[in-house]
Structure formats: C-alpha cells, structure tokens
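Here is a short briefing on one structure. Look it over first, then read the points below.

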Amino acid sequence: MPLSVLIAPDKFKGTLTAKQAANAIASGWKAARPKDRLTQLPISDGGDGFGPLMANALHASPITIRSKDAAGNKIEALIWQTDNRVTLIESANLTGLAMMPEEQRNPFAIDSTGLGLAMQSDAAQDSSHCFIGIGGSATNDGGFGMAAALGWSFLDNSQQPISSWPDLAQLKSIQPPEKQLSFPVTTAVDVQNPLLGPNGCTRVYGPQKGLCEKDIPKAEAALTRLAEIWEAQTGEDAASLPGAGAAGGLGFGLHCFAGAEIRSGFEIYAEAVGLEELLHETDVVITGEGAMDRQTVMGKGVGELAKMARENDCRCLGLAGKVENRTALTEHMEDCRALTDLTSLAEAKKDAAQWLEKLARTTAQTFKSPT
C-alpha cells in the first residue's frame with residue numbers, strides 16, 4: 001500500500017546540509033518503494049542552516065552585509081529579509097564553530113561581536129521583527145561581544161571598560177547604550193541549558209569549542225559574575241532561563257542586552273512551514289542528523305519532530321551518521337539506524353550522501369506497511 005512519507009532530516013554536521021540529507025534519503029527510499037508519495041522538508045532547530053531554511057519558508061530575500069567572524073576577521077555574510085521587513089540572522093554564518101580552523105579554536109580569544117555588527121547593519125535596523133538562530137556558535141562569551149557592539153559598556157572596579165570577556169570576572173557594573181534596539185528580537189535556540197552550573201554552556205559545550213578542563217573555572221567565573229551583576233542591577237535571574245546557555249550563553253546575552261524572547265528554534269521553524277498540518281496528511285516521518293543520542297530527545301529538532309509525529313499518529317524512523325543510546329531514542333522513534341551499521345565512521349564521512357542513500361534504501365526494503 002503506498003504511503004505518504006515526510007522526509008525531514010536536520011543537517012549531518014560537517015558532511016551534509018539538511019537539504020542534501022533529505023535528497024539522499026528520498027533517493028534511497030524511492031528506489032525501494034517507488035509508489036510511496038514523498039515530501040521533502042529539511043528542518044532546523046536554530047543551528048547551522050537556520051537562515052536559508054527559514055528564508056525559504058518565509059520567502060525572504062538574501063542581503064549581503066559586512067561583519068566580523070569570531071576571531072575578529074572582516075567578512076561578508078548573508079542575512080535575509082521579507083517584504084514586510086522580518087529579518088532572519090543565523091549566527092553560525094557569522095561567528096560559527098564550523099568557520100574556525102581547529103588550531104584557532106580558543107574561546108578566550110574570540111567573541112560574538114560579529115552578531116552585534118549584523119544587528120547594527122542598515123538592513124537589520126529597518127526590521128519589524130528579527131529572528132536570530134544561534135546554534136553552532138564558536139563562542140562562550142555570554143553575548144559580551146554582541147552586547148558591546150550594540151553599545152553596552154562593562155566596567156571594572158576602577159570604572160574602566162572591559163574589552164575581553166574573560167575579564168568579566170572583575171565586572172562591577174553594566175551600562176546600557178544611549179540608543180536601544182528599535183525592533184523586537186526572538187532568539188531561536190537548539191538547547192534548553194541554563195547559563196551556569198553542571199548543565200551550563202561552559203561545562204557542557206565548552207570542551208567542543210576548545211576549552212580545556214583547566215580553563216573551565218576561569219570561563220565559569222566570568223559568566224557567573226556577568227549574571228550576578230545583571231541580577232543585582234535588574235532583579236532578574238536571567239542565567240536560569242531555559243536556553244540561556246545556548247550558543248555559549250548567547251541566549252542569555254540576547255535576552256538581557258537585546259530584550260529577546262528565547263524560543264525553541266524548532267518550534268519557530270515548525271510554525272513557519274505549517275508542520276502540524278503537514279503531519280495530518282503523513283503516514284511515516286523519516287528524520288535524522290549526524291549523531292543521534294540521548295541529547296536528541298532533550299530539545300533538539302529531530303527529537304521534537306519525533307514527538308510531534310507520535311502525537312499525530314505518524315510512524316517515525318531515525319537515520320543518522322552514528323547512534324548512541326538507542327533505548328532513549330526508540331522511546332520516541334519506531335526504529336533508529338546509522339551509517340555505521342553499514343560501514344566505518346571514517347568511510348561514512350568520506351561519502352555521507354552515498355551511504356545515507358544506501359541506508360534509506362535498506363530501511364525501506366525491510367519496512368512493513370500496515371496491512
């Protein structure tokens with residue numbers, strides 16, 4: 001019996017964009033089950049690829065702006081804007097980890113200034129609303145660089161301006177800019193971590209950005225002081241907000257220094273593409289990403305899609321580069337398979353599209369339709 005199949009993967013980080021992954025899965029599935037009706041919908045939860053996918057959903061046009069990468073190098077980057085001036089910014093193509101060579105990944109020497117410059121661009125300043133996807137960041141500065149670019153001042157005990165985020169440990173006061181942003185901002189986050197503590201950005205994500213174990217206390221002290229002074233001056237415990245720790249604390253920084261509402265990036269994208277309505281007409285959802293593990297079902301887009309599929313009585317399959325903790329995943333998905341079921345991780349990375357197509361084909365061959 002022909003089925004209606006929604007193919008909706010996220011990116012396979014470092015190898016395939018979400019669109020490339022969807023194409024590969026569709027090709028493999030169609031080869032084994034040519035009568036099924038396939039719909040491709042690459043997804044994003046606020047990380048790499050959020051900008052182009054949201055732009056496609058909202059019919060926004062690209063605009064080239066001048067900015068800086070996380071290391072302070074001058075770059076040209078894209079943002080997007082709709083006819084009614086809704087602006088889309090993806091921080092990953094400004095200060096993203098993927099833009100930084102591994103030998104340059106020193107979070108103490110980089111910051112989020114580039115995002116602030118993008119928000120100060122002429123196009124962004126003309127916004128009716130600005131959505132910023134912040135996943136995939138190279139930074140761990142709590143939004144310090146972004147805030148400084150927007151005109152905020154961070155003063156030490158001697159009333160001298162702090163110019164480097166690790167020095168926030170000596171922070172005494174925070175001063176707002178003369179001119180605040182004139183447009184509302186929504187931050188699209190891909191995780192729900194708080195800013196500080198064992199589940200905070202420094203301890204959970206700092207190591208993958210280049211922080212060594214010995215660096216953790218220094219980084220945590222800087223962000224702790226930033227949060228303490230903010231709470232002392234405003235009365236708000238913003239560090240504990242879900243998503244405050246996203247993107248090295250950019251969730252916290254955008255909320256405090258740009259007045260941003262923090263929302264799930266996947267929820268924002270799902271609303272933009274009308275995903276709920278689409279699932280009403282779907283029998284099977286095929287999703288996936290580069291690595292699927294316990295964190296996948298703790299707020300990531302793939303896990304949230306799996307939950308939505310179950311709520312709408314859709315069967316859900318997960319395909320990934322590698323899979324860990326299948327037990328946690330199969331609570332939400334009917335089946336989880338990995339490229340590493342077919343080949344080595346090194347070979348999978350060499351030609352991810354070919355192996356993903358093969359995995360989709362073998363999955364379809366063994367898939368049992370309802371009788």
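Does Cys201 count as buried or exposed? Cys201 counts as buried, because its relative accessibility is 1%. Buried means under 20% relative accessible area, exposed over 50% and partly exposed in between, with a 1.4 Å probe and protein chains only.

This is a predicted model: local features need pLDDT of at least 70, side-chain atom pairs count only at pLDDT 80 or more, and totals for chains, interfaces and linings use all residues. Residues are numbered from 1 along each chain as its sequence is written, and side-chain values use heavy atoms, with hydrogens and water left out.

**Cysteines**
- A disulfide is a pair of cysteine sulfur atoms within 2.5 Å.
- By this rule the model has zero disulfides.
- For Cys201, the nearest cysteine sulfur belongs to Cys256 and is 13 Å away.
- Cys256 is likewise in no disulfide.
- Cys256 is buried, at a relative accessible area of 6%.

**The five-stranded sheet**
- Helices (H or I, at least four residues) and strands (E, at least two) are DSSP runs, numbered from the N terminus.
- Two strands pair if DSSP finds at least two bridges between them.
- Five strands form an open sheet in the order E2-E1-E11-E12-E13, with parallel pairing.
- Its edge strands are E2 (37–40) and E13 (335–338), each pairing on one side only.
- Neighbouring strands are turned by 20 degrees against each other on average, direction ignored.
- Axes are lines fitted to C-alpha atoms, for helices over the stretch in contact; angles run from 0 to 180 degrees between N-to-C directions.
- E1 (residues 4–7) pairs with E2 in the parallel sense over four bridges.
- Leu6 has Thr39 of E2 as its bridge partner, and Val5 stands opposite Leu38 in E2.

**Helices on the sheet**
- Contact means heavy atoms within 4.5 Å.
- H1 packs on the sheet and touches E1, E2, E11 (284–292) and E12 (315–323).
- The direction of H1 makes about 170 degrees with that of E2.
- E1, H1 and E2 make a right-handed β-α-β unit.
- A crossover is right-handed if, with the strands pointing away from the viewer, the path from the first strand over the helix to the second runs clockwise.
- H12 (residues 301–311) lies across E11 and E12, at about 160 degrees to E11.

**Helix H2**
- H2 spans residues 50–58, and its buried residues are Phe50, Gly51, Leu53, Met54 and Ala55.
- These buried residues pack against several elements, including H1 (18–32), E4 (74–81) and H10 (265–273).
- His59 follows H2 and has a positive phi, near 60 degrees.
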